[in-house]
Amino acid sequence: MKKLSITALLASAIISGVFSLSSCGNNAKSGKADNTKTSAQQSGAEDKTEKGGIAYVCIDSIINNYDFCTEHSKVLQNRMNSIQASLNAKGKALQNAAMNFQQKVQSGAITSREQAAKMQASLQKQQADLERLQNKYSENFEKERQKYNDAMRDSIERFLKDYNKDHKYSIILSRVENNILYADKSMDITEDVVNGLNKRYKSSKSK
């Protein structure tokens, strides 16, 4: 099992290209209300869509500063380390048993083919058991990781929907490394989002 990468761990949960959010009060209304908008109001709406309709959040900052991420990623890392230590210990024991068998064969301590076949079959069973255990650990860890990813993604999406009730962005992009070639710094809402996420998370833990 490969060492857990926190960035890779969170990628499937956060990085979806964009967080697409409809602006509150943005839906068209039927009737005469639509026709009563002045040209100034229409111009203002267009300006807002052009200047303030898009924002972005730096994913690395969420990973490194959102308490939910840092706390739960440590739990998963410890779980991964425990699994790896257990598999390494069992693998080392199997390796020692195989070396011991080879030494007995070479020294003539095993006097019959029947005895050798029996010991060899035992080693093969231990190896098969170790492979099954590794698969079981891997499956259980993946379920645990997916559960965490789902909870984290849900917490971020729910926060952004509430956050956007006041800010009314049409779309919020997720910025990862160089996936956005250029963006005005005024579009960066990362600090605001991280602070809001942590405030909500601490509040939920205290309840």
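Is Arg153 buried or partly exposed? Select Arg153 and find out: with a relative accessibility of 23%, Arg153 is partly exposed. On this tour, buried stands for under 20% relative accessible area, exposed for over 50%, and partly exposed for what lies in between, using a 1.4 Å probe and protein chains only.

Before you click on, remember that this is a predicted model, where local features need pLDDT of at least 70, side-chain atom pairs count only at pLDDT 80 or more, and totals for chains, interfaces and linings use all residues. Residues are numbered from 1 along each chain as its sequence is written, and side-chain values use heavy atoms, with hydrogens and water left out.

**Stop one: Arg153 and Glu157**

Salt bridge here means a side-chain nitrogen of Lys or Arg within 4 Å of a carboxyl oxygen of Asp or Glu. Both residues sit in helix H5, and because they are four residues apart, about one helical turn separates them. Glu157 is partly exposed too, at 26% relative accessibility.

**Stop two: Arg145 and Glu142**

Stay in helix H5 and pick Arg145 and Glu142, which are three residues apart, or about one helical turn. Their side chains meet in a salt bridge at 2.7 Å, N to O. Arg145 counts as buried at 14% relative accessibility, while Glu142 is partly exposed at 35%.

**Stop three: Lys125 and Asp129**

Now select Lys125 and Asp129, four residues apart in helix H5 (residues 113–167). Helices are DSSP runs of H or I with at least four residues, numbered from the N terminus. The closest N and O atoms of this salt bridge are 3.0 Å apart. Lys125 is exposed at 52%, and Asp129 is partly exposed at 30%. Across the whole structure, a search finds 10 salt bridges.

**Last stop: Thr190**

Finally, jump to Thr190 in helix H6 (residues 190–206). Thr190 is buried, at 5% relative accessibility. What does Thr190 touch, not counting residues up to four places away in sequence? Show Tyr56, Val57, Cys58 and Ser61, and you have its contacts, a contact being heavy atoms within 4.5 Å. Zoom in on Cys58: its backbone nitrogen lies 2.8 Å from a polar atom of the Thr190 side chain.

Terms used
Helix = DSSP H or I, 4+ residues; strand = E, 2+ residues; numbered from the N terminus. Polar contact = N/O pair within 3.5 Å; in protein donor to acceptor, adjacent residues only side chain to side chain.
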